[in-house]
Structure formats: C-alpha cells, structure tokens
Amino acid sequence: MIRSLYVRIAVTFLVIVLVSISIAYYTANQLFKRDLQGQNGLEEMMITRLERLYNDSSPRSLPMFLEQVSSLQEMSIVAVNRNGLVIQVGRTSRAIVNHLTYKTVENIFGGKTERVNYADEHAGGPPSPPAYGRLAQFGNTEWAVFITPDHVRQVRSFQRNTFTILITLLVVGCILILFAARYLVKPLKMMTAATTRIAKGDFGVQLPMSHKNELGELADSINKMAHSLSQLETMRRDFVSNVSHEIQSPLTSIGGFAEALRSEDLTEGDRNRYVGIIKQESSRLSRLSENLLKLASLDSEHHPYKPVTYRLDRQLRDVVLSCEPTWLAKRLTVELLMEETVIKADEDQLSQVWINLLTNSIKFTPEEGKISFQLSEKNGYAVVRISDTGSGIPEEERDRVFERFYKIDPSRDRSEGGSGLGLSIVKKIIDIHGGTIEIEDAEQGAVFVVRLPLNPEPSM
C-alpha cells in the first residue's frame, strides 16, 4: 500500500508539472505565432513603403537610402538586381545573403514571393524568423528585396515569451499543487483523526468511502475495525454486567442465609430450609460456571468434535425419557412424531442441544400444557421441530434469544429463569455441525426448527 501511495503522489506531481508546461507552452506558442504573423505583414508592407518612399523622394544613392531605413526601423535589408549587384544593410543581412540561392532570386524576378531561412550569426538566442522577399521597383531598376526585423526585436519577443512561460508555469503549478496536496492529504488527516478517536475509545467512527483505491480500502478497513471494536466493547460490557449480575445474586443469597444460620433461635425447619436455599444457589453458580466453560470450549478451535453414525430418533426419545420426572411434575403431555433417521454427528453435543431445548420448553410451558417433537428427513437434512404451548417468543425478540445472557423477561422469577446461556450453547453446537436453528410463527407457544445435515462435510 505504501509503495502504491508513493507512486500515486509521484505520478500526481508529475502530471501537475506536465500540465503546467503544456499550458505554458500553448500560451507562449500562441503569442509567438501572433508575433510572427504581425511581422510577416509588416515585412510585406515595409517593402511596399520602401518602394514608394524611394520613388517619391528620388535619393541620390540606393545603398545610403536603405542604410538609413534599416537604422531607423531596425530592419535588415538585402537587395539584388538582375546584374548580381547585392546591397546588404542591417545586423542579419550577411546571414541572409549567405543563404540566398540563384533559384530564389530567379523566382522573385519571375514574380513570386520567397522566404529565406537563416541562422543569426550575431547571437545565440532563439532562431530568427525567415526573411521575406519579393520584387520591388526602385527607379528604373528592378530589385529582389529581402527584409526581416533585426534580432533585437526577436530577443525582446523571446524574453517576453520566456517570462510568460515561467510566470504561467509558476502560477498554474502552484494552484494545481495546492489542490493536489489538499486532495491527497485530506483523507489521510481524516484517517489520523479517526484512529485517534478509536484509540480514545470512541468507536462510532465512519469515514466516507469517496476513493476507490488504497485510500478507500484503508478507510473501509478503519470503518470495519471501528464497527468490530464497537461490537466487542458492547459484548464485553454486557458480558461483564451479566456475569456480575448472575454471580452476585446467588452469592448474596448464600451470604445472607449463611449468616442467618448462625442464629441460635432458628428452628430445625428454618435451618433445613436455609441450607436448601444455599445448596440451590450453589448449584446455580456451578451451572453458570459449567455453561461459561462450555461456551469458551465451543468458541475455541480445539473443542473435541467426534462425529459418529447413530439413530437420531432414538436419541430424541431417550432425552425425553430422561426428563420425564420434570415434565410429569407439571402434568405436561409430550408427543413424539418421528421417522427413523440415521445421522452422522457428535452424539454428546447434540444430546446437549435436545436437553437444553426440552428443558426450555418445560420451563415456560404452563401446567397441563403440551410439548411436541417431530423428526423428518428433507433434502439430505434431518429436520427437528420442537413446539410447545407456552407463552411464546415475541417476533421482535427472536433475533436476540440466541445471544449470551439475553432473557426475554428479565423480571422473571430467578428460581425459574436460567442464566441466558442455554440457547447460546444450542446455537453454537448447531453451527459447528453446519446446521441451522430458526423460530417459526405459531398461534400459541414457541416452535424451534433445527436442520442438521445427515452426512456433513469432512471439514466440519
């Protein structure tokens, strides 16, 4: 990621420089073309004016006349007649003469216009524009006249254009670099601020996903990290609160009744009742400890998973029979509608699932109610439906009943309610087996539907 970001920054500034140079070059080029176009028109007009001025004034000497005009107008002039006589005046006239050819002169005497490209021999500045030449009539003699501005004017143009290029490059580059720096640094500053907030315990950070590159991926990772940390922090707080609550209540009861046993005025009946309560609360602490250890073991990657092939219908029947004293005490009716089903699974773990679900149904089904077990096979899965005629589970609570320590009715009598870990253990074991557990709608009571693969994949 770092290398890519470095490349990105380098390419960005390279593009800025190229764009700046391109804009500057285009601007200077347009100015230079405008200057050349103006000079070409000036040269043609100057030859016409020379011809008219000479013919009107009739000076004694053409060379002297051209010398004076060249000096006043800062122009280089070369004139050639048909006899080969050459008149040259001005700073660049020698260079023009050195590049003249017989064909060029003949073309001009033939009525054409010509351009002569030459290099300035007097300075190392920019190349001079070509000399413009055409036929001119000085008195009774025809001359091939070539004219071009002296290099001084070109130097000034070059200096102006160079200055324009540098200023344009500086201004455009600075503006683009400011925007690019803001574009590149702003998301990094936002991420720095976000990680600082996360470090201080504020996990409600959400960075905008405006980039589809390494910066966008980093922002998405920070958002996911903040969300995960928020969930973990919530789970940690809930876990500490719930464990503290679940442990504090029986400890308070044990401490209170243990202190009461010191009284010498207790009757034998009260003493036995207090001892029974202490024993009951101790059992609750023991079950809580066992469930916590069970969940910790299931969460680890080293929990033993020993699948065997066995009859699932027989296991369900044995579980119901093992809990017979409990459901008979409430005069409940337990109905078994099961097909003969063979499954490959961890028998001990699934036994824990059925015991927890059955115990849960017995706990929340009123006296003389009904519990039903249905077992069938469908599409390679064993489907177990456990329904009861209890108080049921509200629809808005169904997504949370499998959370650890979650209880639908926290005010329920603690002697009847559990620790809120039973269904969490059920869900974890079923997940390990690659199955699912759902709560279906029912007119009365609750309906748990468990689906387990008959022959799970070897990786499970």
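User: Of the contacts in the protein chain between residues at least 6 apart in sequence, what share joins residues at least 24 apart?

Analyst: First, this is a predicted model, where local features need pLDDT of at least 70, side-chain atom pairs need pLDDT 80 or more, and totals for chains, interfaces and linings use all residues. Residues are numbered from 1 along each chain as its sequence is written, and side-chain values use heavy atoms, with hydrogens and water left out. A contact means heavy atoms within 4.5 Å. Counting contacts between residues at least 6 apart, the share joining residues at least 24 apart is 66%.

User: How many helices and strands does the protein chain have?

Analyst: Both come from DSSP runs, numbered from the N terminus: helices are H or I runs of at least four residues, and strands are E runs of at least two. On that basis, the protein chain has 11 helices and 12 strands.

User: Which strands are the edges of the open sheet that has antiparallel pairing?

Analyst: Two strands pair if DSSP finds at least two bridges between them. Here 5 strands line up as β2-β1-β5-β4-β3. The strands that pair on one side only are the edges, β2 (86-89) and β3 (114-116).

User: In that sheet, which residue of β5 is the bridge partner of S76?

Analyst: Strand β1 (residues 75-81) and strand β5 (residues 141-149) run antiparallel and are joined by 7 bridges. One β5 partner is P149, which goes with M75. For S76, the bridge partner is T148.

User: Which helix packs on this sheet and touches β1, β3, β4 and β5?

Analyst: For directions, picture lines fitted to C-alpha atoms (for helices over the stretch in contact), with angles from 0 to 180 degrees between N-to-C directions. The helix covers residues 102-109, and its direction makes about 115 degrees with that of β5. That's helix α4.

User: Is β1 largely enclosed or open, and how many of its residues are buried?

Analyst: Buried means under 20% relative accessible area, exposed over 50%, and partly exposed in between (1.4 Å probe, protein chains only). In a regular strand the side chains alternate between the two faces of the sheet. M75, I77, A79 and N81 point one way from β1, while S76, V78 and V80 point the other way, and all are buried. So β1 is largely enclosed by the rest of the structure, with a buried count of 7 of the 7.

User: In the hairpin of β1 and β2, which residue takes a positive phi?

Analyst: β1 and β2 pair in the antiparallel sense over 4 bridges. The hairpin has 4 residues between the strands, and the residue with a phi near 90 degrees is G84.

User: Over in the sheet with mixed pairing, how large is the average twist from one strand to the next?

Analyst: This open sheet has the order β7-β9-β10-β12-β11. Its edge strands are β7 (333-338) and β11 (436-440). From one strand to the next, the twist averages 15 degrees.

User: At roughly what angle do the axes of helix α10 and helix α11 cross?

Analyst: α10 covers residues 347-364 and α11 covers residues 422-432. Their axes come within 9 Å and cross at roughly 145 degrees.

User: How many residues of the contact of α10 with α11 are nonpolar?

Analyst: The contact includes L350 and V353 of α10, along with I425 and I429 of α11. Nonpolar covers Ala, Val, Leu, Ile, Met, Phe, Trp, Tyr, Cys and Pro; Asp, Glu, Lys and Arg count as charged, and the others, Gly among them, as polar. With 4 polar and no charged residues, the nonpolar count is 9.
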